[in-house]
Amino acid sequence: MASCPFPAKIAGLSLLTLPLAVAAETNQDPDLMDPIVVTATLGPKTVGESLSSVTVIEEEEIRRQQPKEFREVIASQPGVSVTGNGSYGKQTSVFLRGNASDASILLVDGIRIRSATVGGPAWQYLPPQLINRVEIVRGSRSSLYGADAVGGVVQAFTTPTQDGTRGWLNAGAGNLDSQQYGAGVSSVEGGSRLNVATNYFRTDGAPVIEGGDDKGYDNTSGVASASHEFSNGVRAGFTFLGARGTTEYDGGEEDFLFQTAGVNLEVPITSTWRSVVQFSDARDELEDFSSFPGEFNTQTRSSRLENWFTVGTHELVLGAEHLVDRVDSTTNYDESSRSNTAVFGQALLNFGPLDAHFSLRNDDNEAYGKETTWGAGVGYELDRNHRVRASVGTSFKAPSFNDLYFPGFGNPDLEPEEAKSYEVGIEGRYVRWFWDMAVFHTDVEDLSLPSQDSAGSVPEARLRGVELSGGWQAQGWRLKAAATVGDYENAEDDRQLIRRAENTVRVDLDKELGRWVLGTTVRAESERYEELFGIGRERIAGFGVWDLRASREMAPGWLASLTVDNVLDREYSTAKRFDNTDFISAGRTVFLSVRYDFVQ
């Protein structure tokens with residue numbers, strides 16, 4: 001259980017917003033620090049208009065940090081806690097607001113990807129080198145996205161963000177015999193967009209347990225996308241991302257494929273009605289080489305239709321979705337496919353300073369039946385710079401193929417876990433800086449599906465907390481900071497749920513000095529717990545990590561970058577092995593890269 005009562009935590013964190021509110025520059029235009037997002041409401045809205053807690057990570061920020069794994073991008077962001085069974089391509093879990101890793105959705109350019117057998121996405125295989133933008137939407141979203149959007153939705157975008165024809169080449173190397181090579185070209189001209197890029201990363205890796213051998217990882221990835229808007233307003237496009245490689249782990253190694261592909265068509269029917277159609281295919285394939293070898297290949301095909309109607313300042317969305325999961329495995333599952341059909345609607349209403357959002361969805365799954373979810377939110381613009389919001393919604397987490405059909409283990413009678421979430425937030429956005437605070441509470445019923453993230457049956461879980469984030473930029477300085485204070489517990493005995501860190505802090509600071517850009521990231525997470533069969537409950541200590549980075553423009557278009565992660569070479573753990581051995585971090589890592597960008 002947490003070391004201090006939850007209300008005291010909230011009170012302490014809330015005090016941090018007082019100086020921000022007092023110093024508000026209410027005579028400035030807030031739009032400059034209020035980016036457009038699409039994940040929260042299915043279509044473009046500013047963060048404030050979305051009435052949601054959203055973190056946006058732009059391309060420039062990703063490039064400055066030079067991440068080798070996607071978890072480096074999102075770790076310790078507001079409401080986010082990440083665990084891993086070692087570094088570089090090892091099994092990774094992402095917890096949003098204390099919800100299990102398979103109770104949050106990962107989208108790549110609008111396409112959902114996950115393993116239908118284990119239920120959650122393989123976060124570790126998504127190549128950050130090819131990502132141009134990330135949106136993290138926290139809070140219930142099942143009424144828009146269906147099953148598993150309990151904690152929220154993380155969406156990665158690979159499409160180009162800058163006008164003109166651009167190209168890049170990149171090469172780098174570091175300790176642990178790490179190497180990286182990449183190249184790409186993109187074009188944004190008028191109504192046409194094109195993007196093609198590839199990246200290769202390999203490393204000998206580091207031991208995942210103390211005294212163990214190095215465990216390597218390689219990932220060869222590529223993206224391709226194109227779209228065109230015709231003179232009649234019709235827009236057509238396709239997108240693809242694929243990653244293939246091998247990762248070694250304690251006890252064996254596995255080959256993987258992580259792939260999404262989709263086509264979409266947007267048609268303006270009338271001046272107030274447009275239809276959007278998407279067909280997609282996502283594949284998560286795994287071949288394991290260990291003392292228990294096997295293949296676990298899953299494919300998800302989906303068809304989605306959205307009809308957008310505009311009435312004055314209001315928008316109405318009516319849609320339908322059909323999804324089919326298929327499993328091809330050396331394990332003989334009792335069932336190898338299932339389908340899900342859904343209908344949904346959303347109303348985005350605007351009454352001057354008042355916004356109201358309502359959403360409703362019904363899912364009919366041949367494995368576990370029908371589930372109806374809903375969401376409602378309201379926001380009020382206090383003035384040009386400040387807005388308050390409140391929302392409530394229901395959601396559910398579906399049982400996976402392993403939960404239902406794994407031989408000798410699955411239970412075909414399992415029902416989905418159901419949740420209800422509440423949130424209240426306030427934000428301030430100005431020309432050079434912003435701040436946001438949200439208080440959230442989620443009740444999860446029957447948290448009993450077998451999962452690495454929730455050992456045993458938990459009849460009711462209570463997830464609550466406070467998120468505070470802010471950012472500032474001026475005179476070459478860029479600052480982003482976030483803190484989360486949570487209380488994620490079994491409602492019956494008040495014990496902290498396993499694997500989740502309840503308290504996290506992250507600070508990113510960069511400064512431009514002529515041709516140089518110097519930066520640092522500091523992260524800290526509190527203790528977490530693990531439940532081990534035959535051993536019991538074990539504590540995993542909290543940790544802090546300090547990273548440094550520097551880059552210099554060597555000549556027009558040429559940029560040299562140096563990153564030093566975990567500067568103090570701290571050994572820390574976020575998960576334990578079955579025998580109570582810690583999975584450990586890689587220690588200090590150094591990486592030097594050179595990049596050439598050209599613009600035509």
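Is Glu 135 buried or exposed? Glu 135 is buried, at a relative accessible area of 1%. The legends below describe close-up views of a predicted model.

**View 1. Arg 133 and Glu 135 meet in a salt bridge.** Their closest N and O atoms are 3.1 Å apart. Arg 133 has a relative accessibility of 13%. Buried means under 20%, so Arg 133 counts as buried. Glu 135 is buried too, at 1%. Side chains of opposite charge can pair when their charged atoms come close. The count of salt bridges in the model comes to 50.

**View 2. A salt bridge links Arg 138 to Glu 467.** Here the closest N and O atoms lie 2.9 Å apart. Arg 138 sits in strand β8 (residues 133-138), while Glu 467 sits in strand β25 (residues 458-474), so the pair ties together parts that are 329 residues apart in sequence. Both Arg 138 and Glu 467 are buried. Salt bridges with shared partners place these two in one network, which also includes Asp 34, Arg 97, Arg 389, Glu 423, Glu 427, Arg 429 and Asp 436.

**View 3. Arg 528 and Glu 525 form a salt bridge.** The N to O distance between their side chains is 2.4 Å. Both residues, Arg 528 and Glu 525, are buried.

View 4. Asn 85 is buried, with a relative accessible area of 16%. The side chain of Asn 85 makes a polar contact with the side chain of Arg 499, at 3.4 Å. Among the other residues that Asn 85 touches are Lys 90, Gln 91, Val 208, Ala 575 and Phe 583.

**View 5. Strand β17 pairs with β16 and with β18.** Strands β16 (residues 273-290) and β17 (residues 294-311) pair in the antiparallel sense over 16 bridges. A hairpin of three residues joins β16 to β17. Asp 288 has Gly 294 in β17 as its bridge partner. β17 also pairs in the antiparallel sense with β18 (residues 314-329), over 16 bridges. Phe 296 stands opposite Ser 329 in β18. Two residues lie between β17 and β18 in their hairpin. In that turn, Gly 312 has a positive phi of about 65°.

**View 6. Six residues make a nonpolar surface patch.** They are Val 505, Val 507, Val 522, Trp 546, Leu 548 and Leu 568. The patch covers about 460 Å². β27 (503-513) and β31 (543-555) each supply at least two of its residues. Trp 546 lies in strand β31. Trp 546 is partly exposed, with a relative accessible area of 35%.

Notes: Residues are numbered from 1 along each chain as its sequence is written. This is a predicted model: local features need pLDDT of at least 70, side-chain atom pairs count only at pLDDT 80 or more; totals for chains, interfaces and linings use all residues. Side-chain values use heavy atoms; hydrogens and water are left out. Buried means under 20% relative accessible area, exposed over 50%, partly exposed in between (1.4 Å probe, protein chains only). A polar contact is a pair of N or O atoms within 3.5 Å; within protein, one must be able to donate a hydrogen and the other to accept it, and residues adjacent in sequence count only if both atoms are side-chain atoms. Contact means heavy atoms within 4.5 Å. Patches are made of residues with over 30% relative accessible area and no salt bridge: like charges are joined within 9 Å, nonpolar side chains (Val, Leu, Ile, Met, Phe, Trp, Tyr) within 5 Å. Accessible areas come from the Shrake-Rupley method with a 1.4 Å probe; for residues, only the protein chains shown count as cover. A salt bridge is a side-chain nitrogen of Lys or Arg within 4 Å of a carboxyl oxygen of Asp or Glu. Helices (H or I, at least four residues) and strands (E, at least two) are DSSP runs, numbered from the N terminus. Two strands pair if DSSP finds at least two bridges between them. Lists of a residue's contacts leave out its neighbours within four places in sequence.
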